[in-house]
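Colleague: I would like to learn to read a model feature by feature. Could we take one and go through it together?

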Amino acid sequence: VGQKIQAIYLWWHKPAVDKELLQSLPNLKVIANSGVGMDHLDLKLIASFGVKMANAPRAVSTSTADAGMALMLASARRLVEVHNISISPSMEYCEADILGVKIAGATLGIIGMGRIGYKIALRAKAFEMNILYHNRTQRKVQEEQAVGATYCKKIDSLLQQADFVMVVVSLTPQTRKLIGKRELELMKPTATLINISRGAVVDQEALVAALQTGVIRAAALDVTYPEPLPRDHPLLKLKNIIITPHLGIKTDKTNYMITEEAVENILAALNGLPLPSEVLPS
């Protein structure tokens, strides 16, 4: 059977691609991933076997951007808290205890202005937000002007100014624990951290401490480390946090589009054509 397999379609990191698997598939030409993040793959190892790799950036960017905005809005208006109040038997509350934070006029700092980050900026502009962004490379002037975004060459400048910090980077050795104790302390005490990238981009122990002591106002996470968190994890006991189970790409249409994009890349590889979404080892 191994001789016949020419392509692998990975769904939710399965099957695990290791040296043993690659050695058992001598005619493998391509691995297509069901999402953007490739941190679960050893790209150099796969490339050393002459196997091409592709992800699905077009399919996932819109739904992930929507998830980021949903988390920001839910945290700002304390939707989880007020939902629980609304369905409680007594529905007793003090209005001062459920005051949210205004989005219009607030400053959003986007860390990682790739395809997803830019779609978040487009959405944030419609919400009348001021937009700052930090990225390895600055976007074109026309692209910045289209969303009214200002480039921050240094991440510190963004952290100090933003009311909401949205993390949208890939997980690499350089971005692991990108947001740690120092970065959280640079943020405003009224600021909210939103992470829709990978859990390991944020130092979770530092985040727990920051949320417990009022270093920042709140956090909203679609990703954690590990996923799911152990049921006794301190993040689960905090009131000023929203956690969702990696919902970024989980919509019916997105799953269909991911499969379409994967098949497109697989067919291109099998026919000796350029892969539309090829990922090269860095």
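Colleague: Is S24 buried, partly exposed or exposed?

Modeller: First, the ground rules. This is a predicted model, where local features need pLDDT of at least 70, side-chain atom pairs count only at pLDDT 80 or more, and totals for chains, interfaces and linings use all residues. Residues are numbered from 1 along each chain as its sequence is written, and side-chain values use heavy atoms, with hydrogens and water left out. Now the terms: buried means under 20% relative accessible area, exposed means over 50%, and partly exposed lies in between (1.4 Å probe, protein chains only). S24 has a relative accessible area of 38%, so S24 is partly exposed.

Colleague: Where is S24 found?

Modeller: Helices (H or I, at least four residues) and strands (E, at least two) are DSSP runs, numbered from the N terminus. S24 is in the loop between helix 1 (19-23) and strand 2 (30-33). S24 and I5 are 19 residues apart in sequence, and their C-alpha atoms are 9.7 Å apart in space.

Colleague: What does the peptide bond from K14 to P15 look like?

Modeller: That bond is cis, with omega near 0°. P15 sits in the loop between strand 1 (7-10) and helix 1. The bond from E227 to P228 is also cis, with omega near -10°. P228 lies in the loop between strand 9 (218-221) and strand 10.

Colleague: What does helix 3 reach from its first C-alpha to its last?

Modeller: The expected span of a helix is 1.5 Å times one less than its number of residues. Helix 3 (residues 57-76) has 20 residues and reaches 28 Å, close to the 28 Å expected. Of those 20 residues, 15 are buried, so helix 3 is mostly covered.

Colleague: How do helix 3 and helix 5 pack?

Modeller: Two packed helices are described by the angle between their axes and the distance between the axes. Axes are lines fitted to C-alpha atoms, for helices over the stretch in contact, and angles run from 0 to 180 degrees between N-to-C directions. Under 35 degrees counts as roughly parallel, over 145 as roughly antiparallel, 65 to 115 as roughly perpendicular and the rest as oblique. Helix 3 and helix 5 (residues 115-126) pack at about 45°, with axes 8 Å apart. They are therefore oblique to each other. Contact means heavy atoms within 4.5 Å. Among the residues making this contact are R58, T62 and M69 of helix 3, with I116, K119 and R123 of helix 5.

Colleague: And at what angle do helix 3 and helix 10 pack?

Modeller: About 160°, with the axes 8 Å apart. That makes helix 3 roughly antiparallel to helix 10. The contact includes R58, V60 and S63 of helix 3, and M257, I258 and E261 of helix 10.

Colleague: What phi does R78 take?

Modeller: R78 has a positive phi of about 55°, although R78 is not a glycine. With a relative accessible area of 21%, R78 is partly exposed.

Colleague: What is phi of H246?

Modeller: Near 55°, a positive value in a residue other than glycine. H246 is in the loop between strand 10 (241-243) and helix 10 (252-270). At 13% relative accessibility, H246 counts as buried. Leaving aside neighbours within four places in sequence, H246 contacts W12, R198, D222, V223 and E227.
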